[in-house]
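User: I have a chain open and would like to go through it piece by piece. Can you help me read it?

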Amino acid sequence: MKALKHIAGILLATIGAGFVLGCIDVLLDRNSEIQGWGVAAMFIVFALLPLAGAVALLRRRVTELPPARCPTCGGGERAAAGVLKRAYNFWLMHFAGWLFASLWGASREQQVRCIQCDTLYFTETRGTRTAGIMVWVLILLVLLEAIAELFEK
Ligand SMILES: [Zn+2]
């Protein structure tokens, strides 16, 4: 059920983001015959509603994190370690662009330092969960764009 909500949320976010881009495209296209109010209505129905649905479905995924405990002493208090080994991947950077690469890096578990015993360990945060969702939305948008181009030909 949780996984289903997660997938549905990502799909809704993708639809919403796709229509946001579509509306911007229509607004920038001066030859477009679609009226301003038409774009506004489309924006509300196809962009804002799915995005609101996505937020509702994914909110708990981002805010309800499993309690992360220090593997050495079990302490719950921690601070950002600051010596992050970001998972930057040269090939990702090269082929998928800086946006994907930076989102991918941000979605990896972050290194933190236990305040009590100074152990360094990796954990998920709201930031890593949010970036993880955005990575999927971006992948789906790129896929949809590629499929749309195939059908145009
Ligand atoms: Zn500790």
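User: Where is F19?

Analyst: F19 is in helix 1. Helices (H or I, at least four residues) and strands (E, at least two) are DSSP runs, numbered from the N terminus. This is a predicted model: local features need pLDDT of at least 70, side-chain atom pairs count only at pLDDT 80 or more, and totals for chains, interfaces and linings use all residues. Residues are numbered from 1 along each chain as its sequence is written, and side-chain values use heavy atoms, with hydrogens and water left out.

User: Is F19 buried, exposed or partly exposed, and why?

Analyst: F19 is partly exposed because its relative accessible area is 30%. Buried means under 20% relative accessible area, exposed over 50%, and partly exposed in between (1.4 Å probe, protein chains only).

User: Which residues make the nonpolar surface patch?

Analyst: I15, F19, I44, V45, F46, L48 and L49 make it, and its area is about 600 Å². Helix 1 (2-28) and helix 2 (36-63) are the elements that give two or more residues to the patch. Helix 2 gives the most, with five residues. Like charges are joined within 9 Å, nonpolar side chains (Val, Leu, Ile, Met, Phe, Trp, Tyr) within 5 Å.

User: Ok, new topic. What order do the strands have in the sheet?

Analyst: The order is 1-2-3, in an open sheet of three strands with antiparallel pairing. Strand 1 (78-80) and strand 3 are at the edges with a single partner strand each, so one side of each has no neighbour in the sheet. Two strands pair if DSSP finds at least two bridges between them.

User: How many bridges join strand 1 to strand 2?

Analyst: Three bridges join strand 1 to strand 2. R78 stands opposite C114 in strand 2.

User: And how many join strand 2 to strand 3?

Analyst: Four bridges join strand 2 (residues 110-114) to strand 3, and the two run antiparallel. R113 has L120 in strand 3 as its bridge partner. The two strands form a hairpin with five residues between them, and D118 in the turn has a positive phi of about 70°.

User: Which residues of strand 3 are on its covered face?

Analyst: Y121 and T123 are on the covered face of strand 3 (residues 120-123), while L120 and F122 are on the uncovered one. T123 counts as buried because its relative accessibility is 6%.

User: What is T123 in contact with?

Analyst: Leaving aside neighbours within four places in sequence, T123 is in contact with A68, R78, E109, Q110 and V112. Contact means heavy atoms within 4.5 Å.

User: Now L65. Where is that?

Analyst: L65 is in the loop between helix 2 and strand 1. Not counting residues up to four places away in sequence, L65 touches E124, T125, R126 and R129. L65 and T125 are 60 residues apart along the chain, and their C-alpha atoms are separated by 7.2 Å.

User: Last one. How many helices and strands are there in the protein chain?

Analyst: There are four helices and three strands, and from the N terminus on the elements run α-α-β-α-β-β-α. Of the 153 residues, 26% count as buried.

Note on methods
Patch = residues over 30% accessible without salt bridge, like charges linked within 9 Å, V, L, I, M, F, W, Y side chains within 5 Å. Areas by Shrake-Rupley, 256 points an atom, 1.4 Å probe, with all protein chains shown as cover. Salt bridge = Lys/Arg side-chain N within 4 Å of Asp/Glu carboxyl O.
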